[in-house]
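These are my notebook entries on one protein model. I set down what I looked up, entry by entry.

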Amino acid sequence: MTRPLLPNLSSYVLKLEEIWKSGWMTNGGKQNSDLVEVLRTRLRCANVATFNNGTTALLLALRALRLRGEVVTTPFTFPATTHAIDWAGLTPVFADIDARTGCLDPAAVEAAVTKDTSAILAVHVFGIPCDVEALGAIAKKHGLKLIYDAAHAFGVEVGGRAIGSYGDISMFSLHATKLFHTAEGGALTFRDASLAKDLHLLHNFGIADEDHVAMSGINGKMNELQAALGLCVMEVLDEEYAKRATVVKRYRDQLRNVPGVECMLPGPGVRPSMQYMPVRIGPESHSDRDAMFNGMRQQNIMSRRYFRPLCSSIEPYAHLPSAAPQGLPNAVGLEKEILCLPLHGGLKDEDVDRVCEVLVAGSAK
Ligand SMILES: *Cc1c(COP(=O)(O)O)cnc(C)c1O
């Protein structure tokens, strides 16, 4: 469905030569500080920290905010979102999504807040921004921390404002399947500069200095090989983004009038992430989502039924009261309709046309 963005090997080899000369492999070397600088500019946020992967970054974000009790979150996400809450010793409370955006419905979030709630963990799913204004207002009103899983939202802007500038902390996954990546990796942007110290301790075993271990930390460090790869990927990112924009436009044009096949797109004023190409297979289509999925498989076209199963129906969390499907009708409905189509810069016009042919035929049959 996607293809990792590979930089020029020769540019990576040059970075590797730098690393070899320095003899410095990890623990915040030059590559890491260079990458942090680049991310500051790209994500337009003064406070940036890097991690070995996005899941650890999210876990440590929750720990650094010293949360307790319950965290209101979405069931329509990758399991790492819910797992991070669980690993931080907190209880996930699922609230329903807005059927149009796939992101948390602010009214459902507010209804889920109890005296034990300490935070909201929302996801900009498929890079479509959450209702950041409404969620910000709810967090403020109830004195809650607001964390965004922005794993799908690298480079997204809302009305010219960088997505990572909303809420207390945002997490960007830099996994190879994400548009910008370091093979494995993660980054946090955060509003309060004083969080930097605890985040640093938490990602390095809590070690403050030779004599003091100040916190129960973990090993969450990004190494120099990862950071160097990220610097090289950054050099080819704009080119890839432009190629993907062409692919997305072709999908949109071809699918515009296909009954029951609707491209899920961010609203006006949003700079899209170009990371996923989600379409909804609705009731007006003759074939349902699974039939479309299987039809593509038969033609060796890989699509993905994200996010299936919902996090509220997977084994570790299905027993929670908030996980009951009756309370999550929009999530249950959307989960059965979404298909993420192939999207990467290497796709040719003919490839996009072949994918669309399956959708057109399935819709009419
Ligand atoms: C990819 C992803 C993560 C996990 O990130 P890793 O870097 O793979 O640990 C978390 N949340 C969402 C929504 C993701 O898509």
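I began with burial: a residue is buried under 20% relative accessible area, exposed over 50%, and partly exposed in between, with a 1.4 Å probe and protein chains only. The model is predicted, so that local features need pLDDT of at least 70 and side-chain atom pairs count only at pLDDT 80 or more, while totals for chains, interfaces and linings use all residues. Residues are numbered from 1 along each chain as its sequence is written, and side-chain values use heavy atoms, with hydrogens and water left out.

Entry on cysteines. I looked up C263 and found it buried, because its relative accessible area is 15%. C232 also counts as buried, because its relative accessibility is 1%. I then searched for disulfides, meaning pairs of cysteine sulfur atoms within 2.5 Å, and the structure holds zero. C263 is in no disulfide, and the nearest cysteine sulfur, that of C356, is 7.9 Å away.

Entry on K221. I located K221 in the loop between β11 (212–213) and α8 (224–255). Helices (H or I, at least four residues) and strands (E, at least two) are DSSP runs, numbered from the N terminus.

The side chain of K221 makes one of 3.1 Å with the side chain of N219 and another of 3.4 Å with that of N204.

Entry on the ligand. I recorded a ligand oxygen atom 2.7 Å from an N or O atom in the side chain of S173. A ligand oxygen atom is also 2.8 Å from a polar backbone atom of G54.

Entry on M274. I found M274 in the loop between β13 (270–271) and β14 (277–281). M274 is buried, because its relative accessible area is 11%. The C-alpha atoms of M274 and R244 are separated by 6.2 Å, although the two residues are 30 residues apart along the chain.

Notes. Polar contact = N/O pair within 3.5 Å; in protein donor to acceptor, adjacent residues only side chain to side chain.
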